[in-house]
Amino acid sequence: MTIEKSPISRRAALTSGGAAVLATAAATTSAAAQNSPYADKDTVGYIAEPYVEQCSTCLHWNNSACRVVDDADNPNGWCQAHTAAAAA
Ligand code: SF4
């Protein structure tokens, strides 16, 4: 049995409220996506509009894009890996 290295970092998975989602994403990515450090939008249920929360309030948001979901650059988007950022 071969265990392949996940494209999602252990830190990202452990610090995320969506750790289970990211683990699933890592296990189900295509061969092309396995070369990317990011999760696929479809796998994490990304939508380009707020759903209770939004990217701009997420721990994984980095001013202009998401650190863990590929091509997620809309501050009003949302996905199942959303993790509330600590209050300033
Ligand atoms: S909610 Fe937005 S910023 Fe947070 S993990 Fe999902 S795509 Fe990334």
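Student: Where is Asp 71 found relative to H2?

Tutor: Asp 71 is found in the segment after H2, so named since helices (DSSP runs of H or I, at least four residues) and strands (runs of E, at least two) are numbered from the N terminus. Before going on, please keep in mind that this is a predicted model, in which local features need pLDDT of at least 70, side-chain atom pairs count only at pLDDT 80 or more, and totals for chains, interfaces and linings use all residues. Residues are numbered from 1 along each chain as its sequence is written.

Now the setting. The chain has two helices and zero strands, and helix H2 covers 19-28. Of the 88 residues in the chain, 31% are buried. Here a residue is buried if 20 or more other C-beta atoms, placed from the backbone, lie within 10 Å of its own, exposed if 12 or fewer do, and partly exposed in between.

Back to your residue: Asp 71 counts as exposed because 12 other C-beta atoms lie within 10 Å. The phi of Asp 71 is near 60°, a positive value in a residue other than glycine. Most residues other than glycine have a negative phi. Val 52 also has a positive phi, about 70°, although it is not a glycine. Val 52 is placed in the segment after helix H2 too, and it is exposed, with 7 other C-beta atoms within 10 Å. From Val 52 to Trp 78 the C-alpha distance is 8.6 Å, across 26 residues of sequence.

Asn 76, again in the segment after H2, is exposed, having 11 C-beta neighbours inside 10 Å. Leaving out residues up to four places away in sequence, Asn 76 touches Glu 49, Pro 50, Gln 54 and Cys 55, where contact means C-beta atoms, placed from the backbone, within 7 Å. The C-alpha atoms of Asn 76 and Cys 55 are 5.8 Å apart, although 21 residues separate them along the chain.

Val 68 lies in the segment after H2 and counts as buried because 27 C-beta neighbours fall inside 10 Å. Its C-alpha is 4.9 Å from that of Tyr 38, 30 residues away along the chain. Cys 79, which lies in the segment after H2, is buried as well, with 26 C-beta neighbours inside 10 Å. Beyond neighbours within four places in sequence, Cys 79 is in contact with Val 44, Gly 45, Tyr 46 and Val 69. Cys 79 and Asp 42 are 37 residues apart in sequence and 9.2 Å apart, C-alpha to C-alpha. For the chain, 56% of the contacts with a separation of 6 or more join residues 24 or more positions apart.

Cys 79 also leads us to the ligand. Surrounding the ligand are 14 residues, with Cys 55, Cys 58, Cys 66, Cys 79 and His 82 the closest; a residue is near a molecule if its C-beta atom, placed from the backbone, lies within 6 Å of it. This shell divides into eleven nonpolar, three polar and no charged residues. Nonpolar covers Ala, Val, Leu, Ile, Met, Phe, Trp, Tyr, Cys and Pro, charged covers Asp, Glu, Lys and Arg, and the others, Gly among them, are polar.

Conventions: Contact = placed C-beta atoms within 7 Å.
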